[in-house]
Amino acid sequence: MNESYDIVLKNGRLIDPVNQINGNFDLAVKNGKIAEIAVDIPESKALRSLNLKGASAIPGIVDLHIHASKWLGGKHSHYMMARAGVTTALDMAGPIEDFLEIARDYGAGLNLACLNYVRPGYTVSCHDPSRDELKEMMLNCMSQGALGVKLLGGHYPVTPEAIDRTIGVAGELNAYVAFHAGSTNKKSDILGMLEAIELAQGRPLHMAHINSYCRGQVTDLLDETQKALLALKENPNIVSESYLSPINGTSAKCTDGVPESQVTIKCLKVGGFEGTEQGLAQAIKKGWAQINMESDRKVALAVGEEALAYWRSHETNTLVCFKVNPPEPRLVLASAKRDDKSFAVDCLSTDGGGIPRNTTVAMGLALVKLGALSLEEFVTKTSTNPASILGLPQKGHLGQGSDADITVVDLEKCSCVMSIAGGELIMKHGELTGSGTTIITSPLGEEALKAQGFKTQKTGSVLMKLPRNSAA
């Protein structure tokens with residue numbers, strides 16, 4: 001019987017550690033699923049044939065930390081992720097209303113989930129919200145489609161008691177909970193990270209961007225890195241990610257002459273500038289603070305008078321980046337392992353999206369070329385592990401019947417060639433061909449999302465667990 005496939009990928013190398021595939025095979029897609037992997041699949045069996053010309057196809061990249069809302073990330077975020085080879089991602093802040101507006105108007109064919117931020121004065125009333133207020137906030141955002149919440153401690157801290165309540169309520173509601181470490185008692189550094197893990201009390205928690213707590217702000221940066229790794233190894237309830245870019249990203253918005261974000265103030269002081277609006281203006285002029293400027297369906301970093309004028313024209317409400325991530329912790333955290341040989345930091349992320357640091361393919365494959373990671377380990381950290389954490393067993397591998405989410409890379413050039421999401425080609429050689437957004441949600445949000453016209457995909461679990469040896 002001459003079966004007709006939607007797409008067949010020809011002449012490429014397939015890498016899938018879950019199914020122990022590493023070799024030259026063809027791959028067929030039908031109805032959004034992987035239908036066949038074989039040494040030779042005739043082009044005549046497919047509606048469309050794509051010649052990989054020696055490139056490598058891996059399970060679609062799942063970025064567990066991005067920003068793609070009006071508040072943070074902006075309208076170009078979907079395009080930037082699609083060009084970078086991402087097929088699935090988790091927005092780590094929202095707010096859910098802004099996130100959905102961007103997804104509706106600027107979709108590029110991606111699968112996206114969202115966490116709603118816990119921010120005093122915005123989603124909660126104060127720095128010490130009650131359990132009832134937190135529960136009401138979570139149920140409200142999850143009924144709109146969010147998977148759960150993120151504590152923005154480094155930027156907009158709440159009390160340790162409120163953190164404890166947030167994690168507890170999330171557990172009761174089976175809501176995803178992530179944490180940018182920091183509280184009203186601790187800063188966004190290694191001490192804040194250790195406090196966060198202690199407050200988790202063995203409950204599931206996603207610790208965001210581990211590298212950001214290892215910048216040498218408290219002790220030597222490698223000492224901080226080892227402290228972070230030991231804490232992760234001793235607390236298997238914590239799932240985590242780190243990113244490889246040298247730049248961070250934060251808000252440049254100022255109120256009453258002072259940046260609203262504590263991270264922005266800290267970065268200014270690291271560069272020798274005052275933690276004020278005037279200090280930020282000087283840092284932009286001098287090139288320490290890099291303003292995110294939108295143009296041509298992307299965001300680029302700018303400094304000097306042009307950047308200053310852009311920032312002022314937007315009434316300071318832009319994003320800003322600082323080159324504050326030293327290389328040593330980034331490299332150590334990317335490759336460090338537990339005693340059971342699983343990764344201490346589970347995933348490579350970007351904290352990117354609309355922030356211009358979507359470097360998973362470029363910098364991650366550079367580590368493969370250096371021998372710091374094997375190609376299979378790269379796939380584990382960028383696809384298999386994050387898919388598992390999101391409760392998506394049909395993603396993160398190329399098994400027959402799994403979702404046809406595929407990223408095609410050039411190993412020699414450390415670049416992304418092509419990507420397919422949900423069986424649809426969404427990017428080829430930098431040209432965007434996808435549209436729309438599939439929202440990954442819990443059962444609470446599915447009905448509301450469908451009423452808005454979104455395609456949805458339910459997560460099997462948001463308990464954020466990975467198989468590991470608890471004695472590691």
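Is F322 buried or exposed, and what is its relative accessibility? At 0% relative accessibility, F322 counts as buried, a term that stands for under 20% relative accessible area, with exposed over 50% and partly exposed in between (1.4 Å probe, protein chains only). The model is predicted, so local features need pLDDT of at least 70 and side-chain atom pairs count only at pLDDT 80 or more, while totals for chains, interfaces and linings use all residues. Residues are numbered from 1 along each chain as its sequence is written, and side-chain values use heavy atoms, with hydrogens and water left out.

**View 1. W288 and F322 form a tilted aromatic pair.** Their centres are 6.0 Å apart with 50° between the planes, where rings of Phe, Tyr and Trp (its six-membered ring) pair if their centres lie within 6.5 Å, and planes under 30 degrees apart count as stacked, over 60 as edge-to-face and the rest as tilted. W288, at 22% relative accessibility, counts as partly exposed.

**View 2. W71, Y117 and Y156 form one aromatic cluster.** The rings of W71 and Y117 have their centres 4.8 Å apart and their planes at 75°, so this pair is edge-to-face. W71 is partly exposed at 26% relative accessibility, whereas Y117 is buried at 5%.

**View 3. The charged end of K381 sits over the ring of F343.** It is 4.7 Å from the ring centre, the rule being that NZ of Lys or CZ of Arg is within 6 Å of the ring centre and within 35 degrees of the ring normal.

**View 4. A cis peptide bond joins G94 and P95.** Omega is about 0° there, although most peptide bonds are trans.
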